[in-house]
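Shall we take a look together?

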Amino acid sequence: MNQTDADNIKGKNLEGPGETQEEKRVREIERSIIKKFRKTVWRRFTKALNDYELVKDGDRIAVCISGGKDSMLMAKLFQELARHGKKNFEVVFLVMNPGYNERNYRLILENAKLLNIPITVFESDIFNIVASEESSPCYLCARMRRGHLYSKAKELGCNKIALGHHYDDVIETILMGMLYGAQVQTMMPKLHSTNFEGMELIRPMYLIREEDIIHWADYNQLHFIRCACRFTERVAAAPEEDKGSKRAEVKELIRQLASRDPVIEFNIFKSVENVNLNTVIAYKKDGVKHHFLETYDQAGR
């Protein structure tokens, strides 16, 4: 199925005795966001929008859907925001097919229809390009996917792309940077694009826990694709001892620490909001490294 076939996959959302089973189900899924998951999902979504000023009047946002649970829920949250919010903004629900196998691609299209999400699909050959990459295929794939999404979003008149990274992605990134990158940094809630002028990246799921996303999907009996690239498929077929990844290791480490003290996850998240520059050896600002010795003698006078 090409873009023309997949554009504007829509359903109806009508209430009343004449509604179909499909219409009733999507209405119940939408209601669950506002009712059952109001505190854990909806309020955290709107809090992130407000705290980080992610959506402004006049925005046209490409809500990027990979087909997984996070981005599909994000799409539904934006639909609810349009119904209940006061922001004057537009959205395009953008799906890139980087080379999914037919089963995964079909599942994305079926879920979009089920959830009444009018998607726009475009094709790329990213999976073919990174298939031979041995050292860091996930990093290369992520960078290429983001570039393609920026390009298509700009072509469609958007000024922002929205990605479905959640709270757990953030704390895992912080700890991975320290343990494997020898740096203190975080996954930012929004960024200006360096390669696409006038474009921004926003992360509206920033404050939502992954377990609550899973709970929403399970409660509504929804099934989504996981990371569906060829590298992941190869890993799934590999022996058990070869299936690890640095992110998976860090996720498990955080789980173990949190089982002893649940505040640890919150503390990791807040640590990058409480950086005291008076007590760090060095830091970078706009690519320039600054060392504490530059001002040390001045402070002692």
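L277 lies in the loop between helix 12 (263-271) and strand 7 (282-285); helices (H or I, at least four residues) and strands (E, at least two) are DSSP runs, numbered from the N terminus. Residues are numbered from 1 along each chain as its sequence is written, and side-chain values use heavy atoms, leaving out hydrogens and water. This is a predicted model: local features need pLDDT of at least 70, side-chain atom pairs count only at pLDDT 80 or more, and totals for chains, interfaces and linings use all residues.

Reader: Is L277 buried or exposed, or partly exposed?

Author: Buried means under 20% relative accessible area, exposed over 50%, and partly exposed in between (1.4 Å probe, protein chains only). L277 counts as partly exposed because its relative accessible area is 49%.

Reader: How are helix 2 and helix 4 oriented to each other?

Author: The axes (lines fitted to C-alpha atoms over the stretch in contact, with angles from 0 to 180 degrees between N-to-C directions) of helix 2 (residues 21-34) and helix 4 (residues 69-84) come within 10 Å and cross at roughly 80°. Angles under 35 degrees count as roughly parallel, over 145 as roughly antiparallel, 65 to 115 as roughly perpendicular and the rest as oblique. Helix 2 and helix 4 are therefore roughly perpendicular.
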